[in-house]
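Q: Hi! I'm new to this one, could you walk me through it?
A: Happy to, let's look at it together.

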Amino acid sequence: MPCTLRTFGVWLLLILTVSLVAETRTLVTPSNGLRPKMSKDNDSAASTNSSLMDRQQRSFILPVEANTSLSKPVDTKAVLSCPRITQKAVLVTIRWEIILRDKPSCTRAYRRDTNETRAINCSDETISWDSRPDRNPALQIDPVAITHDGYYRCEVVTTHGHFYHGYHLTALVPPEVTLFQLENGTIVCRAAAGKPAAQISWTPGGDCHTVEESLGNDTVTVQSLCRWKDHRVSNVSCSVSHLTGNRSLSIELNQGVIVLEFPPSTLLIVLYVKFSLFLVILIIVGFIYFQRIKDCRA
């Protein structure tokens, strides 16, 4: 009997504990699930506001200013374009800013409402509008000269904002290539007055030495001198690499000059043979001369 009462007391205590825990959870958690519902509504509203702000920001983002490096050979035509604008944008003004070395900044502008163009500090007539600026605001340089190295920047003003595009222009000068042989047998390949400096290579390779000479107008003369110890080489080629194009010239080696490079012992033998022949001829001529004199006296 006591054991039965003790067991009943334990079960009663366990039931009371479970009921107390369940009641505590009910008090802590809001009724009707209001809190989860409010959190969901707040997240939805925040997401909607964020999407609206993103769309507004994207509609007001302007293009970043772009710069392009451009290389053009001299005596050719270069056309520099302005940034494209959307069809909905209305053109207001176009302005080209030209910055050349050792010259004042030049500005060429077009205003749409008055359909007028103007130029400030622009004395170079080879730099002009490519066509009518209201149709195509591109700038042309015709012909390109070495003095046109500089920075060219186009600014387009529209009802949707300002748009920019810049060009770092470099004029290229092709070198004058020559190939010749010196009296001592050295072959010279010369790439004169090129911009930038040319690169020279030989076929077949030899004992070569290359030097560069910088000129006052940013051009460089490159000269490569080569000799070949292998006397079986009869023809060599010089290849000149340059941004304006590559050239290759060939030349036949002068074997008569190369003979001078024979060892001294060989040269002595040749001279000895030549001197011996000359002495024999001199003796024969002298014998004939004295024999005729003797016959005349007789």
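**Disulfides and beyond**

A: Let's start with a link between two cysteines: the bond of Cys82 and Cys154 is right-handed, with 95° about the S-S bond. A disulfide here is a pair of cysteine sulfur atoms within 2.5 Å.

Q: Before we go on, what kind of model is this?
A: This is a predicted model, where local features need pLDDT of at least 70, side-chain atom pairs count only at pLDDT 80 or more, and totals for chains, interfaces and linings use all residues. Residues are numbered from 1 along each chain as its sequence is written, and side-chain values use heavy atoms, with hydrogens and water left out.

Q: OK, back to Cys82 and Cys154. Where do they sit in the chain?
A: Cys82 is in the loop between β2 (78-80) and β3 (91-100), while Cys154 is in strand β8 (residues 150-158), so this pair links distant parts of the chain, 72 residues apart. Strands (E, at least two residues) and helices (H or I, at least four) are DSSP runs, numbered from the N terminus.

Q: Is Cys82 buried or exposed?
A: Cys82 counts as buried because its relative accessibility is 12%, and Cys154 counts as buried at 0%. Buried means under 20% relative accessible area, exposed over 50%, and partly exposed in between (1.4 Å probe, protein chains only).

Q: How many disulfides does the structure hold?
A: It holds four disulfides. Counting bonded cysteines along the chain, they follow the pattern 1-4, 2-3, 5-8, 6-7.

Q: Which cysteine pairs with Cys189?
A: Cys189 forms a disulfide with Cys238, and their sulfur atoms are 1.7 Å apart. The torsion about that S-S bond is about -50°, so the disulfide is left-handed. Because Cys189 lies in strand β11 (residues 187-194) and Cys238 in strand β15 (residues 235-241), the pair ties together parts that are 49 residues apart in sequence. Both Cys189 and Cys238 are buried.

Q: And what does Cys208 join to?
A: Cys208 is joined to Cys226 by a disulfide, S to S 1.5 Å. This pair links strand β13 (residues 207-214), which holds Cys208, with strand β14 (residues 220-227), which holds Cys226; the two cysteines are 18 residues apart. Cys208 is partly exposed, with a relative accessible area of 32%, whereas Cys226 counts as buried at 0%.

Q: New topic: how many aromatic pairs does a search of the whole structure find?
A: Two aromatic pairs turn up in that search. Trp96 and Tyr167 are stacked, 6.5 Å centre to centre with 25° between the planes. Since Trp96 lies in strand β3 and Tyr167 in strand β9 (residues 161-172), that pair ties together parts 71 residues apart in sequence. Trp96 counts as buried at 0% relative accessibility, and Tyr167 is buried with 10%.

Q: How are the rings of Trp202 and Trp228 arranged?
A: Their centres are 5.5 Å apart and their planes at 75°, so the pair of Trp202 and Trp228 is edge-to-face. Rings of Phe, Tyr and Trp (its six-membered ring) pair if their centres lie within 6.5 Å; planes under 30 degrees apart count as stacked, over 60 as edge-to-face and the rest as tilted. Trp202 and Trp228 are both buried.

Q: Which residues have the most contacts inside the largest nonpolar core?
A: They are Trp96, Ile141 and Tyr152, in a core of 24 residues. The largest share of this core, five residues, comes from β3. Another core lies apart from it, with 18 residues, including Val177, Ile187, Trp228 and Leu253. A nonpolar core is a set of buried Ala, Val, Leu, Ile, Met, Phe, Trp, Tyr and Cys residues joined through side-chain atoms within 4.5 Å.

Q: What is the phi of Asp102?
A: Asp102 has a positive phi of about 60° although it is not a glycine. Asp102 is found in the loop between β3 and β4 and is exposed, with a relative accessible area of 76%. Asn115 has a positive phi too, about 55°, and is not a glycine either.
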